[in-house]
Amino acid sequence: METQKQPESQIEKEPIRTTRFGRHRGEEDITIEFSADGHAFSVKGKNIGGRIVQAMDDALAPEIPKGSLLLVDEKTTSIEKDGLFVFDQSVLGGYDIAFVGKLKDGRYRYTSDYKAPKILSDLSSLKLIGRVWEVEGRVPFKTLSGEKTEDGGIKVREVKVSMIWLPIWPREHMFWCHEDKKFSKPAAQRAL
């Protein structure tokens with residue numbers, strides 16, 4: 001059987017698709033399509049998609065480590081509920097990633113750096129890019145190669161470690177905010 005090789009320019013333009021299978025009974029599988037250049041994404045069959053932004057510092061670590069990729073849903077055009085959002089900071093040449101939570105008095109807690117959270121009376125001066133749908137981080141993945149031994153075991157010849165991108169802050173985790181709480185609580189307590 002003869003196969004025809006595609007020109008490289010055509011291969012580079014093909015989007016990359018990944019399917020994540022539901023973890024629980026009744027949870028649907030999702031397919032995410034990443035642009036060939038790695039700067040955009042969309043979720044098949046959903047009204048979710050937008051750009052991919054990289055965290056350039058550890059200001060929101062450990063939840064958002066430096067180097068993480070944030071899948072930003074640009075179809076979310078307003079802040080209806082607390083969460084993680086990305087704002088345009090083109091004056092400074094980039095983006096501002098911030099946890100935003102509405103306080104009881106109508107003001108907002110705006111945390112783009114855990115060391116210096118801000119209380120803002122309104123958000124009208126900020127240019128919203130979108131809500132963070134998912135955060136992905138590079139995780140080590142080991143592969144083994146070897147040969148079968150006479151006793152049925154495996155003699156490992158080589159261990160190879162690759163870095164792969166996996167969700168580290170899944171989309172279903174929602175950020176919550178109360179006036180009397182600080183942002184230093186562990187992620188498991190905030191992600192409700």
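Student: Which residue forms a salt bridge with Glu 33?

Tutor: A salt bridge is a side-chain nitrogen of Lys or Arg within 4 Å of a carboxyl oxygen of Asp or Glu. Here the closest N and O atoms are 2.8 Å apart. The partner of Glu 33 is Arg 17.

Student: How many residues apart are Glu 33 and Arg 17?

Tutor: Strands (E, at least two residues) are DSSP runs numbered from the N terminus, as are helices (H or I, at least four). Glu 33 is in strand β2 (residues 30–34) and Arg 17 in strand β1 (residues 16–20). The pair links distant parts of the chain, its residues lying apart by 16.

Student: What kind of model is this?

Tutor: Residues are numbered from 1 along each chain as its sequence is written, and side-chain values use heavy atoms, with hydrogens and water left out. Local features need pLDDT of at least 70, side-chain atom pairs count only at pLDDT 80 or more, totals for chains, interfaces and linings use all residues, and the model is predicted.

Student: Is Arg 17 buried or exposed?

Tutor: Buried means under 20% relative accessible area, exposed over 50%, partly exposed in between (1.4 Å probe, protein chains only). Glu 33, at 29%, is partly exposed. Arg 17 has 53% relative accessibility, so Arg 17 counts as exposed.

Student: Where is Glu 74, the salt-bridge partner of Arg 51?

Tutor: The closest N and O atoms of Arg 51 and Glu 74 are 2.9 Å apart.

Student: How many salt bridges does the structure hold?

Tutor: Asp 105 and Arg 107 form one, with closest N and O atoms 2.8 Å apart. Asp 105 is partly exposed at 43%, and Arg 107 is partly exposed at 36%. The salt bridges in the structure number five.

Student: What relative accessible area does Ser 68 have?

Tutor: Ser 68 is found in the loop between β4 (49–54) and β5 (69–73). Contact means heavy atoms within 4.5 Å. Leaving aside neighbours within four places in sequence, Ser 68 is in contact with Val 53, Gln 54, Ala 55, Val 135, Glu 136 and Ile 168. Ser 68 is buried, at 2%.

Student: Which strand gives the largest share of the nonpolar surface patch?

Tutor: Nonpolar patches join side chains (Val, Leu, Ile, Met, Phe, Trp, Tyr) within 5 Å, from residues with over 30% relative accessible area and no salt bridge; like charges are joined within 9 Å. Leu 144, Ile 154, Val 156, Val 159, Val 161 and Met 163 together have about 580 Å² of accessible area, by the Shrake-Rupley method with a 1.4 Å probe, only the protein chains shown counting as cover for residues. Val 156 is partly exposed, at 42%. Five residues of the patch come from strand β11.
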